Amino acid sequence: MDFLNLLARLADLDTPTLPAAAPRRTALSQLGKAGTALLPALLTGLALPAAAAAAAPQDTRTRLDALRLALQLELLENEFYSRALGLVTGFSAVPFSATEKTALQTIQRHEAQHVTLFQRLITDAGSALEPAARYDFTGSKNGTQPALYPDIQTNPDTFLQVAQLLEDAGVRAYKGQVEFLQTDAYMLEAALRTHSTEARHASHIRTMRRQRGASVKSWVSPADASITTPGSGAAKVYEGEDNATQYVNIGTILTKVPFDSTLPINVGTPALTAAQILAKVAEAFDEPVNAITATALLQLFTY
Amino acid sequence: MADLADTSFLGRALRRRTFLRVAGTTAASSALVLAGCGKDSTPTPTNSTSSLNFAGSDNGLLNLAYLLEQLEAAFYQKVVDAFPSDFTAADKAAFVDLRDHEVIHREFLKFALGSNAYDVALTTPLAFNFTAFTLTTRAGVYAAARTLEDVGVGAYNGMGRRIASTQYLQLLAKLASVEARHAAFVRDQAEPNSFAASDVITTSGSLAGLDTVKTPAEVATLIASLVPVVLNTDALMLL
């Protein structure tokens, strides 16, 4: 998926003063063509050191970059649920109850619809679709490294754990991309409506896990029992989600929202401790991840 | 099919951009007005003839979000103050969380709005009317929560294209997905597996798989019976 990083770098070449009045189709088509023309020149840079990739500016992504990341995410999720439902040759269905299966069918249908949507948005704009990735949801990268989730195709609890990781990560990834779609009302609204659909999925997967005995809320909470190993790739799904500090411009001054001091948010009886109320603040705000983190998470399950 | 949709949306996008360029310079100072329509020159917020006029600006949108969060916070507080007798311990814990989240959202938006908050000069806050809901039974409470949360999700999804500030867009998205998590949770409690049912997720056509979206005017209509003033979102509809 270094191609995404390449696209992020190509975005630097995109003129930010792209005529606002130009039809979207034309504008995106130009982006696509520019990318193709410049590809050979940048191929040598494909093997970007991780540090350089991390340093790539995040405020220069194009709409095409954002749409392609969304499509990659949806393709992966669609394949993930399709395998669990026994819809993919070579993969037997994960044993779920009838009620659970119905829910997963609903989610899979949405992911397939999202795939269609983002493919249309990309191709309507005159841009090409990238080749499909290859997936290994055990995390073994096709047997080239120890599996992270060896029983994912047979153990419903393992499957739902990874489903929660993917849905929560998806919500964060969309949140990180909406700003790059702000110049196009249609794309922005489509992405926001996909974003909240994914949040509903995430909430339901969490409810399913709780019903099976896991200690987890339907919203991301510092109180959730951890399902990742500190420092692991999967742990990035929740890094920063415990954030209880928000900033907003008051006039032109970026100002910290005083959740920890003056805002009257501790309204329960008895009142919560300072740590408890800040945990509620963390629950009340879902945090974004940038494209680099989102891509790294997708790479856990692709090879 | 796609062509038609694209063309019309492009038109809206351009219109929004053009309008904001003008509105940005003039609307910033035009705070939301709570205008009394009666003879009394002092606005009386509990008077049903009063109206809330939302300015056609980011402040107007934020005020609509603020009103929605006030409404949700007041609703959950009312439930927490007198739980239905058939509420389980898990229900109670969830509703305390929901109340806390909405209070946090409310206070966050109030802080962000500062002196632009519509009710900054009101001596008594708006008193919301929840009599249309049955709050004495678990089923009634979850049905009411479902209505409010789905309106919230649709409202935030509809604000995105109208917001000019990228910072506000990012912040509202942080709230929107939490509201969607709430919505899915209360829907599942009201009816198992209804977290993303066909009444909220588009089932067919080019926008299949997408969550509910409501314009400010649609939001105003949906919450009209709960709010003791007339909501005028005309200016928001021009964004």
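In what order do the elements of chain B run from the N terminus on? They go α-β-β-α-α-α-α-α-β-α. Keep in mind that this is a predicted model, with an ipTM of 0.84 and a pTM of 0.84. Here's a quick tour of chain B, plus a look at one arginine in chain A.

- Take the contacts in chain B between residues at least 6 apart in sequence: 74% of them link residues at least 24 apart.

**Chain B: confidence**
- Mean pLDDT for chain B comes out at 85, with 79% of its residues at 70 or more.
- Residues 1-48 of chain B are the stretch to watch, as pLDDT stays under 50 there.
- For that stretch, the model still has 76 contacts beyond four places in sequence.

- R172(A) sits in helix α6 of chain A, which covers residues 156-177.
- Why does R172(A) count as buried? Because its relative accessibility is 3%, and the cut-off for buried is under 20%.
- Setting aside neighbours within four places in sequence, R172(A) touches K236(A), V237(A), Y238(A), E239(A), G240(A) and E241(A), along with E287(A), P288(A) and V289(A).
- Among those contacts of R172(A) are the glutamates E239(A), E241(A) and E287(A).

Note on methods: Residues numbered from 1 in each chain as written. Chains lettered and ligands numbered in written order. Predicted model: local features only at pLDDT ≥ 70, side-chain atom pairs only at ≥ 80, totals over all residues. Heavy atoms only, no water. Helix = DSSP H or I, 4+ residues; strand = E, 2+ residues; numbered from the N terminus. Buried < 20%, exposed > 50% of the residue type's maximum accessible area, 1.4 Å probe, protein only. Contact = heavy atoms within 4.5 Å. pLDDT = per-residue confidence, 0-100.
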